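Hi everyone, thanks for coming. I'd like to walk you through a structure today, and I'll stop for a few questions along the way. Have a look at it first.

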Amino acid sequence: MFEPIHFISSDKRFELCLPGELMNQVLARCSAAGSYETGGILVGKYSKNQRVAEVTAISDSPEDSVEGHTIFIRGIRGLCRWLQNLWRSDSHYYLGEWHFHPGLHTKPSTLDMGTMTDIARAEAYKCPEPILLIVGGNETHGWFFYCLLYTSDAADELDGV
């Protein structure tokens, strides 16, 4: 079982905390996807000072997602109900996206970067600083993680600690 993972921005202003049990859920979904990309959304809470985002739930890949060897486009089917239940029960927030790149690389694609910038700019998401967590690797060679915090005009890598 993975220990909690923390990612911190280079300026130390922002931090993402992903509990070990949720990281295990992400890795199980990555293993099940095999050589296909997959992903979902990150939901959680912010600290009182808004500096730390703690992931409290992750979604599966919605059934209308496009999953291929080198592409993932997250669908929406079922997410609205799932999110409404979380928001009603415990004031959770949309934090961003998680995404699996089969193999050893975790570099975001042009599509990944464009999607996250669009989310940062979209008022409907109510998330001006969404997070993208990319998982690469596999059970045999190990897992690799890359985390970015997006704003409407830039992306900042969050270093794992």
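Predicted model: local features only at pLDDT ≥ 70, side-chain atom pairs only at ≥ 80, totals over all residues.

Okay, so Lys12 counts as exposed, because its relative accessibility is 57% and the cut-off for exposed is over 50%. You'll find Lys12 in the loop between β1 (5-9) and β2 (15-18). I picked Lys12 for its backbone: phi is near 65 degrees there, a positive value in a residue other than glycine. Why point that out? Most residues other than glycine have a negative phi.

Gln50 does this too, with a positive phi of about 65 degrees although it is not a glycine. Gln50 sits in the loop between β3 (38-46) and β4. Gln50 counts as partly exposed, because 48% relative accessibility falls between the 20% and 50% cut-offs.

Side chains of opposite charge can pair when their charged atoms come close. How many salt bridges does the structure hold? There are 5, and I'll show you some of them.

Take Asp60 and Arg29: they form a salt bridge, with the closest N and O atoms 2.3 Å apart. Asp60 is in the loop between β4 (52-58) and β5 (66-67), while Arg29 is in helix α1 (residues 20-33), so this pair links distant parts of the chain, 31 residues apart. As for accessibility, Asp60 is at 45% and counts as partly exposed. Arg29, at 23%, counts as partly exposed as well.

Next up, the side chains of Arg77 and Glu63 meet in a salt bridge, at 3.3 Å from N to O. Arg77 is in the loop between β6 (72-73) and α2 (79-90), and Glu63 is in the loop between β4 and β5, so the pair ties together parts that are 14 residues apart in sequence. Both of these residues, Arg77 and Glu63, are exposed.

Now for Glu97 and Arg74. Their salt bridge has its closest N and O atoms 2.7 Å apart. The pair links distant parts of the chain, 23 residues apart: Glu97 is in strand β7 (residues 93-102) and Arg74 is in the loop between β6 and α2. Are these two buried or exposed? Glu97 is buried, with a relative accessible area of 7%. Arg74 is buried too, at 18%, and that counts because the cut-off for buried is under 20%.

Let's switch to rings. A search of the whole structure finds 3 aromatic pairs. One of them is Tyr94 with Tyr125, a tilted pair, 5.2 Å centre to centre with 55 degrees between the planes. Tyr94 lies in strand β7 and Tyr125 in the loop between α3 (110-121) and β8 (131-138), so this pair ties together parts that are 31 residues apart in sequence. Tyr94 is buried, with a relative accessible area of 7%, whereas Tyr125 is partly exposed, at 31%.

Last topic: empty space. Rolling a probe the size of a water molecule over the atoms shows where empty space is left. The largest pocket here has about 340 Å³ of space. Its lining includes both of our tyrosines, Tyr94 and Tyr125, and also Arg74. Which element gives the most to that lining? It's α2, with 4 residues. The elements that give two or more residues are α2 and β7. By type, the lining divides into 10 nonpolar residues, no polar ones and 2 charged ones.

Then there's the second largest pocket, with a volume of about 260 Å³. Of the 15 residues that line it, the closest to its centre are Phe72, Ile73, Arg74, Glu97 and Thr115. At least two lining residues each come from β6, β7 and α3, and α3 gives the most, with 5 residues. This lining divides into 9 nonpolar, 3 polar and 3 charged residues.

Conventions:
Residues numbered from 1 in each chain as written. Heavy atoms only, no water. Salt bridge = Lys/Arg side-chain N within 4 Å of Asp/Glu carboxyl O. Buried < 20%, exposed > 50% of the residue type's maximum accessible area, 1.4 Å probe, protein only. Phe/Tyr/Trp six-rings, centres within 6.5 Å; stacked < 30°, edge-to-face > 60°. 1 Å grid on protein atoms, 1.4 Å probe; cavity = no way out; pocket = protein on both sides within 12 Å on 5 of 7 lines; lining within 4 Å. Points joined across faces, edges and corners; volume = space filled by probe spheres on them. Nonpolar A, V, L, I, M, F, W, Y, C, P; charged D, E, K, R; others polar.
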